[in-house]
Every structure is written in C-alpha cells, then in structure tokens.
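Here is a brief report on the model shown below. It covers overall dimensions, sheets, ligand surroundings and some backbone details.

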Amino acid sequence: MKTYKLAVAGGGSTYTPGIIRSLMDRLEDLPLSEIRFYDIDGERQSKVVVAAKAVIEEYTDKIKVIDTTDPQTAFEDVDFVFAQMRVGKYAMRELDEKIPLSHHVVGQETCGPGGLAYGLRTISPMIELIDYVEKYAKETAWIVNYSNPASIVAEGVRKLRPNSRVLNICDMPVATMRNIAAILGVEREELDVDYFGLNHFGWFTSIKVDGVERLPEIREHVYKHGLLTEDVSKIDYRHADSSWIKTFKNIKLIMDHFPEYLPNPYLQYYLFPDHIVETSNKEYTRANEVMDGREKTLFETVDKYEETGILEDSFAVGVHGTFIVDVTVSLAQNLGKRYLVMVENNGTIPNLPNDAMIEVPALITSDGPKPEFVGDIPYFYKAMIDQQLASEKILVQAIVEGSYEKALQAFTLNKTLPSAKVAKAVLDDLIEANKEFWPTLTKEYKEGVLV
Ligand SMILES: NC(=O)c1ccc[n+]([C@@H]2O[C@H](COP(=O)([O-])OP(=O)(O)OC[C@H]3O[C@@H](n4cnc5c(N)ncnc54)[C@H](O)[C@@H]3O)[C@@H](O)[C@H]2O)c1
Ligand SMILES: O=P(O)(O)OC[C@H]1O[C@H](O[C@H]2[C@H](O)[C@@H](O)[C@@H](O)O[C@@H]2CO)[C@H](O)[C@@H](O)[C@@H]1O
Ligand SMILES: [Mn+2]
C-alpha cells in the first residue's frame, strides 16, 4: 500500500492536535508513514507535539514522528505540507486588532487594517516555506495552506511563485455549511452549494438538498435567528464563544439589508464597520479570548498529560480538521471531489480580472483544483470584490516594492477605513508595531510632497 510523508509547518499551532486527530481518523484513505512537525519556535512546538503524539498513539505505533526546526529535516522527500503559520503569533494578532480599534475602525485578524498588517508579515515567510519545500520535498508535493490572511497569501503566492503547488483553503465556507445543515436538519455532505467571492469575502448563491433549492428557508431562518440553531451546542463547541455567536447572529444584519444571497460571515466587517466598532471591546479582543481560551487550555492539557499521563482534551477539531484532510485525500487519490477553494480566476468569473485569486467550487485532482465555470456576477458584488481585490493586490505590490505609498493606497481602498487620513494614521501606528516583521516601506517625494 502506498504511504505518504506529511509535514506540518507551524507545528506549534493550537490546531495541530486536532488536525492530527482528523488525519488519524482517515488513515485508511491517507495512509501515513511519517509526520514531521516544523516551526520556528521549537519550544512551543515541542509542547504541542506531546499532545499530537498522544493522539497518534491512540491509533497506531507505525507512524514515525519528527519534531524539528530544521527545514531540510522537515521537508526532505515529503508528499504533503500542511501550512498553518501565524507570523508574529497571538501577540501580534492582539495588536492587529487593538491598534485599528484605537482609531475607531474595525480590529480583526484577517479583515480591514489588521488583515493587511498580518498580510505584510506573512508573505515573505510563506515564500520562504515554498522555497524550502521546492528544494527538499518530492517534485509532486503539495502545500495545503491554511495560513492567514489566506486571500493576501494567495495573491502573494500567485505573484511571486506562480508555478508552485500551493492550494490555499479556508474553513469558513464549510463552517457556514455546517450551520446551514444543522438548521435544515441534514448532514453537511448532503448540501450542494454554489458560491463565489474572494476569501472571507464571498456569497452562497444556491443551497440545494436532493436538487431542491433551500436558500429561501435559510433566508427565513436567518431573519429570525441569524445563522444559528436554537441549540448552539449542535454546532462546533469552538463556536460557542460569545464572539462567534455574535458573528453568526450578525448574518441577520447583513441579510436584512441584502437578502439575495447568504453572505460569508466575514462580510459584516466590510458592510457594517461602524456597528462592529460600536459593539467591540477595545480592551479585550478575540486574540485575548483565544489566548485565555484555546491556547491556555492546550498548554495546560499538555502539562497535565506530562504529569499524569491523562489526556483531558480529545482535540476533536470539527470542520477545520475534516476539511483539510478531505481536500488532501482528493489531491492524493485524484478523486476530483468538489470543494470551495481559492484558485486563479482565468475566466471562471468573466467579469472579474483573470488574475484575481477567487474562492469558488473546484474539483480537486492530483494536478490541483479545476474550478467550475461561475459566469458573470451582478454589479453590487462585482464592485465590492473589485475594491477589496485592488486593496489586496496593491498591498502585495507594496510588499514587493517596499513602497509606503502603495501600502497607504491599499489601506485607503479597504472598505473598513473611512478616509485616507484615518488609513494613514492606522498604517503609521502599525508600521511602528511591526518593525520586527514588515519589509521596510520607503516614502517617496512627489513634486516636493512627502507621500
Ligand atoms: N484559512 C483558514 O480558514 C484558517 C482557519 C483557522 C486557522 N487559520 C490559520 O492557521 C494558523 C494557525 O493558527 P493558530 O491560531 O493555531 O496560531 P498559533 O499561533 O497557535 O500557531 C501558529 C504557529 O506558527 C508558527 N510560525 C510562525 N511563523 C512561522 C514560520 N515562519 N515558519 C514556521 N512556523 C511559524 C508559530 O511559532 C506558531 O507555533 C494561522 O495563520 C491562522 O490564521 C486559518
Ligand atoms: O478567532 P479564532 O482563532 O478562533 O478563529 C479564526 C478563524 O476563524 C475561521 O475558522 C474557524 C472555523 O470557521 C470553525 O469551524 C472552527 O474550525 O474554528 C475555526 C477557527 O475558529 C476562519 O475561517 C479562519 O480563517 C480564522 O483564522
Ligand atoms: Mn478562513
């Protein structure tokens, strides 16, 4: 039987033990001989690997585990790399959220100025990872990338390493489908959906079960309850945090205004930035909730396991782990299964630029994703996407050219920022906070004016 070697880049991620459980649950579909964990923070990773190993031991003693900070040891001869790096870790996420909020604009991990700041940190490490993998791994190796901000990462990879075998994915559409399925009382796998957009910036245009359109039912449900079941425990326990409940309730706010399609939850940051800021706690953001919750629990669980040999968390990770494994099985076995992933447009949506990295249904084969034709999209969505796309593309240009002016253009074009004046103030504070991570952004004089 063919077996695979898989590396996890960002092995110290809070998601690692859960992803490992998802892999173990699918060993029949994706038999593994080795799992290598790679991180630049070896100490953090080694703790997480204790939990990952404990999960593996529940299933098998046949998989070799390597815990390393050396790229060659990590990637030599591997078949797949799961990337889940958080460049700057939660300390920088906290600043991405709090600095914009201190200017009364949206403070979010992947959307608005926080997302742009995270993008400015992540492109260079992502390119470095691709180069390591191309140097050491099998020629056929795929990087399946969760590292955020996925939309900007996808654009950076398209521009800087256009021929690399990187598949950028996000679990928000499948998490949304999980809620839809719970509302309709069906399994997620029974849903047949159509969707278009950019990552964290898209819409479900059709939701069918057995060929019957159910979007009208979802619309009615959202009108009353948002995208939540009455019994929240039916959805992933990770989404029982108050911030996630608020996020799914806010789907009502979006659909009360624009009921045509079901929006990706992240659209609330672009469509209702004022409401989001008014209802945000500027002192205690999602980064704090995660550091005091998921991250703390993981490291406490590892400490306790080392003391007692009892693993108190099962690390069942829900759609997040299931989705990356589903996509990888389809890549490995050339199954051609249909999933929502990021691809280069190239005519899939003819009235968007060919070189846009869009999120749409695609068949996942061993040669990569084959997107399904979507067709032209209505003006409202096109206009929103064009503006967001411009912001993200110009940001990547700013990184490549080291240009302050382009970074300011990218911030100014982001719909969460009300003016160029505010965009500049937020950008300047983020530059100061990100000195260790960002490329130098050089200011230029134009006709005597500092821009
Ligand atoms: N695409 C999606 O839908 C999706 C879903 C969930 C999480 N994520 C992303 O997954 C990543 C992990 O999230 P988390 O909350 O578990 O973060 P985390 O901080 O717990 O873990 C990230 C790890 O990445 C490591 N890292 C940072 N820079 C690195 C580099 N250059 N090379 C190798 N490792 C590096 C860190 O040391 C850390 O151990 C984040 O990027 C997050 O945004 C994406
Ligand atoms: O605030 P966090 O760190 O908890 O989550 C941020 C991420 O949120 C989305 O992923 C969710 C996913 O939707 C859910 O089903 C479950 O698996 O948890 C994930 C993390 O909460 C989003 O798609 C990611 O891009 C974000 O990083
Ligand atoms: Mn996502």
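The radius of gyration is taken over C-alpha atoms, and the globule rule is 2.2 Å times the number of residues to the power 0.38. For 451 residues, a compact globule would have a radius of gyration near 22 Å; the protein has 21 Å, which agrees. This is a predicted model, in which local features need pLDDT of at least 70, side-chain atom pairs count only at pLDDT 80 or more, and totals for chains, interfaces and linings use all residues. Residues are numbered from 1 along each chain as its sequence is written, while chains are lettered from A and ligands numbered from 1 in the order in which they are written.

## Overall build

The C-alpha trace spans about 65 × 55 × 45 Å along its principal axes. The protein has 17 helices and 15 strands. Helices (H or I, at least four residues) and strands (E, at least two) are DSSP runs, numbered from the N terminus. Of the 451 residues, 51% count as buried. Buried means that 20 or more other C-beta atoms lie within 10 Å of the residue's own; exposed means 12 or fewer; partly exposed lies in between; C-beta atoms are placed from the backbone. Contacts are pairs of residues whose C-beta atoms, placed from the backbone, lie within 7 Å. Among contacts with a separation of 6 or more, 70% join residues 24 or more positions apart.

## The parallel sheet

Six strands form an open sheet with parallel pairing, in the order E3-E2-E1-E4-E5-E6. Strand E3 (64-68) and strand E6 (166-168) stand at the edges with a single partner strand each, so one side of each is left without a neighbour in the sheet. Neighbouring strands are turned by 20 degrees against each other on average, direction ignored. Two strands pair if DSSP finds at least two bridges between them. Axes are lines fitted to C-alpha atoms, for helices over the stretch in contact, and angles run from 0 to 180 degrees between N-to-C directions.

Strand E4 (residues 80-83) is joined to strand E1 (residues 4-9) by 4 bridges. Another 4 bridges join E4 to E5. Phe80 of E4 stands opposite Leu6, and the bridge partner of Phe80 in E5 is Trp142. Which residues cover the two faces of E4? Phe80 and Phe82 lie on one side, Val81 and Ala83 on the other, and all are buried. In a regular strand the side chains alternate between the two faces of the sheet.

## The antiparallel sheet and a shared helix

Three strands form an open sheet with antiparallel pairing, in the order E11-E12-E13. E11 and strand E13 (368-371) stand at the edges, each with a single partner strand, so one side of each is left without a neighbour in the sheet. Here neighbouring strands are turned by 55 degrees against each other on average, direction ignored. E11 and E12 are joined by 8 bridges. Leu340 stands opposite Pro361 in E12.

H14 packs on this sheet, touching E11 and E12, and its direction makes about 90 degrees with that of E11. Helix H14 (residues 319-333) also lies across E1, E4, E5 and E6, running at about 160 degrees to E5.

## Ligand surroundings

A residue is near a molecule if its C-beta atom, placed from the backbone, lies within 6 Å of it. Ala, Val, Leu, Ile, Met, Phe, Trp, Tyr, Cys and Pro count as nonpolar, Asp, Glu, Lys and Arg as charged, and the others, Gly among them, as polar.

| Shell | Composition by class |
|---|---|
| Ligand 1 | 11 nonpolar, 9 polar, 6 charged residues |
| Ligand 2 | 5 nonpolar, 4 polar, 5 charged residues |

Around ligand 1 there are 26 residues; the closest are Gly10, Gly12, Ser13, Pro125 and Asn148. Helix H2 (42-57) and helix H4 (89-102) are the elements that give two or more residues to this shell. Ligand 2 is surrounded by 14 residues, and the closest are Asp171, Met172, Ala175, Val319 and His320. Helix H7 (172-184), helix H13 (286-308) and H14 each supply at least two residues of that shell.

## Backbone details

Pro149 sits in the loop between strand E5 (142-145) and helix H6 (150-160).

Asp210 is not a glycine, yet has a positive phi of about 50 degrees. Its loop runs between strand E8 (201-209) and strand E9 (212-213). Asp210 is exposed, with 8 other C-beta atoms within 10 Å. Asn346 has a positive phi near 45 degrees. Asn346 lies in the loop between strand E11 (337-344) and strand E12 (357-365), and is partly exposed, with 13 other C-beta atoms within 10 Å.

Notes. Contact = placed C-beta atoms within 7 Å.
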